[in-house]
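Work through the exercises below with the sequence and the model open. Each task is followed by a solution in steps.

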Amino acid sequence: MPNAKQRDRLGGFLRIRRGALQPEDVGLPKRPNRRLTPGLRREEVAELAGISVSWYTRLEQGKDVQLSARALHGIAAALKLNAPQRDYLLTLARNEAAAIEPAPPATAVSPTLRAVLDAQGERPAYIVDACLNLLAWNRAANDVFGVGLPLGDFAALPAHERNLLWLIFTDQARRLFVQWERHARLLLAQFRDASRHFVGDPWIERLVERLERRSPEFALWWAQHDVQRIPEAEKVLDHPKVGQIALRQTVSQIIDDGPGLFLVLYTPAPGTDTAERLQKLAIDSAGS
């Protein structure tokens, strides 16, 4: 049975998705000047989903409503949810248990994985968990992404701040990433997808509360309930030491060291001089 926090978050998600659709988006006739507020009516969503208006209304209001899988899939279809959005709906509505441990994570990373990170040389690499907690990284990750950090090292941060979402909304990332808003919004949408299993978890809730207080952009975008699962393929950074670098990102799930861990590798984008710039950055770092 979903807890109160899950029901509240589910209701907010449904209201946002309903407001994003117009009647003509779902095959209904367009009615000019038909309402003061945009989006579909609850009655229209309920009819499209094949459920009663009262049941759908209670679901949006965060009431304790138990719906069948068929009804939930009907709502997903009515709201034209994509796969990550549908999974988000189903997880919250069913209170599905996570297959991985809740946050905060264990910080132990095997020597084998640390050797994999170090073997990347001047190419940045790190390991995160499902909630974007940074667990291990190589020296190049500090050199590239650690601009403005104490001692230029993620290790100097308190453990609760070694989280990619916290870092992109609160540190020098705003000046580092050429398209900061795009990166921040996409990372937030990925975090919402990943954290759907942990709604109500104290560590996650504290992180969200701190970010809402610290970042007006986070507070605004968190309320929009965007959900995405596909990680970015390329990032462009304006590094203060070596100028613009373009990186391709590859994400692989780690199985041997336990579920919920991901290896993130960066390689120079083809057709750029990023490899030379990364090499220069590594040489400067080694000499400092």
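**Exercise 1. Find how much space the largest cavity holds, and which residues line it.**

Step 1. The largest cavity holds about 250 Å³ of space. A cavity here is a set of points, on a 1 Å grid over the protein atoms alone, where a 1.4 Å probe fits but cannot get out, and lining residues have an atom within 4 Å of a point. Points are joined across faces, edges and corners, and the volume is the space filled by probe spheres set on them.

Step 2. There are 17 lining residues, and those closest to the centre are Phe145, Leu164, Leu167, Ile168 and Phe177.

Step 3. Sort the lining by class: twelve residues are nonpolar, two polar and three charged. In this count Ala, Val, Leu, Ile, Met, Phe, Trp, Tyr, Cys and Pro are nonpolar, Asp, Glu, Lys and Arg are charged, and the others, Gly among them, are polar.

Step 4. Assign the lining to elements: helix 8, helix 9 (173-176) and helix 10 (180-194) each supply at least two residues. Helix 8 has the largest share, three residues. Helices (H or I, at least four residues) and strands (E, at least two) are DSSP runs numbered from the N terminus.

The model is predicted: local features need pLDDT of at least 70, side-chain atom pairs count only at pLDDT 80 or more, and totals for chains, interfaces and linings use all residues. Residues are numbered from 1 along each chain as its sequence is written, and side-chain values use heavy atoms, with hydrogens and water left out.

**Exercise 2. Describe the second largest cavity: which residues line it?**

Step 1. The second largest cavity has about 50 Å³ of space. The structure holds three cavities of 30 Å³ or more.

Step 2. Its lining is made by Arg185, Leu188, Arg192, Trp221, Trp222 and Asp226. Two elements give two or more residues, helix 10 and helix 12 (216-222), and helix 10 has the largest share with three.

Step 3. By class, three of these residues are nonpolar, none is polar and three are charged.

**Exercise 3. Locate the largest nonpolar core and the residues that touch the most other members.**

Step 1. A nonpolar core is a set of buried Ala, Val, Leu, Ile, Met, Phe, Trp, Tyr and Cys residues joined through side-chain atoms within 4.5 Å. Buried means under 20% relative accessible area, exposed over 50%, and partly exposed in between (1.4 Å probe, protein chains only).

Step 2. The largest core has 43 residues, and Tyr126, Phe145, Phe154, Leu165, Phe169 and Phe191 touch the most other members. Helix 8 (residues 164-170) gives the most to this core, six residues.

Step 3. Take Leu165: beyond four places in sequence, its contacts (heavy atoms within 4.5 Å) are Leu132, Leu187, Leu188, Phe191, Leu211 and Phe218.

Step 4. A separate second core has 28 residues, including Leu40, Ala71, Leu72 and Leu89.

**Exercise 4. Trace the strand pairing from strand 1.**

Step 1. Strands pair if DSSP finds at least two bridges between them. Strand 1 (residues 125-129) pairs with strand 5 (residues 261-268) in the antiparallel sense over five bridges, and Ala125 has Leu265 as its bridge partner.

Step 2. Strand 1 also pairs with strand 2 (residues 134-137), antiparallel, over three bridges; Ile127 stands opposite Ala136. These two strands form a hairpin with four residues between them, and Leu132 in the turn has a positive phi of about 70°.

Step 3. Strand 5 pairs with strand 4 (residues 243-254), antiparallel, over eight bridges.

Conventions:
On a 1 Å grid over the protein atoms alone, a cavity is a set of points where a 1.4 Å probe fits but cannot get out, and a pocket is an open set with protein on both sides within 12 Å along at least five of seven lines; lining residues have an atom within 4 Å of a point.
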